[in-house]
Amino acid sequence: MEKRVALESRGRNPSQLKELNLDNCRSTNILGLTDEFVNLEILSLNNVGLTTLKGFPSLPKLRKLELSDNRISNGLNFLNGCKKLTHLNLSGNKIKDLETLKPLEEFENLKNLDLFNNEVTCIEDYRSKVFALHPSLKYLDGFDKEDREAEDSDAEEEDEMNGNNDSEEDGSDVEEEEDDEDISLSAVYNENLEEESSASSMYEGSDVSEEEDVDEEDGEGENDADGDHNNKVPDGEENADGVPEESTRGKKRKHEDEEEN
């Protein structure tokens with residue numbers, strides 16, 4: 001059991017642990033558990049092989065103790081250091097009489113007691129006697145005084161620990177966080193849309209500028225071509241002096257021939 005306690009502790013200080021599961025670690029007595037586990041709230045020692053509870057530590061915050069399928073027949077007084085105990089499972093042990101249950105009177109907060117598969121359950125009017133012995137008891141072997149089945153113990157414990165107000169506050173906190181996430185996601189989405197829109201506007205502007213540049217170049221080219229075309233005088237037409245172009249060229253050639261002669 002000592003090795004299992006060390007293993008389950010995972011190097012943490014005993015005062016840091018709130019829950020400890022030592023099921024199936026074989027030991028006939030309590031070893032490795034000390035008063036240092038001051039904040040322990042849930043302890044499970046099912047099917048360990050315990051024959052005695054001698055040496056059980058004082059655990060002031062312990063609420064739930066699982067001791068099923070052991071060989072415990074007496075010594076419940078060793079649990080007196082666990083005053084806040086609300087759930088105690090002793091099913092599958094060797095408890096034979098009501099006298100053995102007497103020490104449980106000290107547990108004023110005890111609400112759920114399981115003695116299933118113990119010889120004591122065979123006593124006549126067992127249930128009514130146990131309820132009379134422990135006025136705070138709400139459920140015995142999973143049923144209340146009117147034989148109504150117990151509610152989910154885990155859910156009941158959560159309600160007792162956290163309270164309805166805490167649950168509501170947690171719910172509101174979750175809703176606020178979700179709203180914040182929605183707002184932040186919306187903001188990011190809008191920013192992306194704005195960026196895409198601005199980028200698109202820039203691309204459109206650049207395309208328009210390029211088209212205008214191309215149109216201007218095309219216009220200049222057409223103007224140059226028109227100018228060349230206008231400056232060229234076709235053969236046979238009159239030049240600036242009113243003389244046909246062909247006759248002017250002929251006169252020039254004739255004048256050159258006369259000078260040579």
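Leaving aside neighbours within four places in sequence, Leu113 contacts Leu88, Leu90, Leu104, Val130, Leu137, Tyr139, Leu140 and Asp141, where contact means heavy atoms within 4.5 Å. Leu113 belongs to strand β5. Strands (E, at least two residues) and helices (H or I, at least four) are DSSP runs, numbered from the N terminus. The relative accessibility of Leu113 is 0%, so Leu113 counts as buried. Buried means under 20% relative accessible area, exposed means over 50%, and partly exposed lies in between (1.4 Å probe, protein chains only).

The model is predicted: local features need pLDDT of at least 70, side-chain atom pairs count only at pLDDT 80 or more, and totals for chains, interfaces and linings use all residues. Residues are numbered from 1 along each chain as its sequence is written, and side-chain values use heavy atoms, with hydrogens and water left out.

The protein chain holds 4 helices and 6 strands. Along the sequence, these follow the pattern α-β-β-β-β-β-α-β-α-α. Of the 261 residues in the protein chain, 28% are buried. Among contacts with a separation of 6 or more, 37% join residues 24 or more positions apart. The exposed surface comes to about 17400 Å², and carbon and sulfur atoms supply 44% of it. Accessible areas come from the Shrake-Rupley method with a 1.4 Å probe; for residues, only the protein chains shown count as cover.

The 6 strands form an open sheet in the order β1-β2-β3-β4-β5-β6, with parallel pairing. The edges are β1 (19-21) and β6 (139-140); each has a single partner strand, so one side of each is left without a neighbour in the sheet. Two strands pair if DSSP finds at least two bridges between them. Strand β4 is joined to β5 (residues 112-114) by 3 bridges, and these two strands run parallel. Asn89 has Asp114 as its bridge partner in β5.

Helix α1 spans residues 2-9, and its buried residues are Val5, Glu8 and Ser9. Viewed down the axis of α1, these buried residues fall within an arc of 100°, so they line one face of the helix. The arc is that of the directions from the helix axis to the C-beta atoms. Lys3, Ala6 and Leu7 are exposed on the other side of α1. The cover over the buried residues of α1 includes β1.

Asn70 sits in the loop between β3 (64-66) and β4 (87-89). Its relative accessible area is 4%, so Asn70 is buried. A polar atom of the Asn70 side chain lies 3.0 Å from the backbone oxygen of Leu45. The side chain of Asn70 also reaches the backbone nitrogen of Val48, at 3.0 Å. Beyond neighbours within four places in sequence, Asn70 is in contact with Leu45, Asn46, Asn47, Val48, Gly49, Leu50, Gly92 and Asn93.

Cys25 has 8% relative accessibility and counts as buried. Cys82 is buried as well, with a relative accessible area of 0%. A search of the whole structure finds 0 disulfides, a disulfide being a pair of cysteine sulfur atoms within 2.5 Å.

Notes. Polar contact = N/O pair within 3.5 Å; in protein donor to acceptor, adjacent residues only side chain to side chain.
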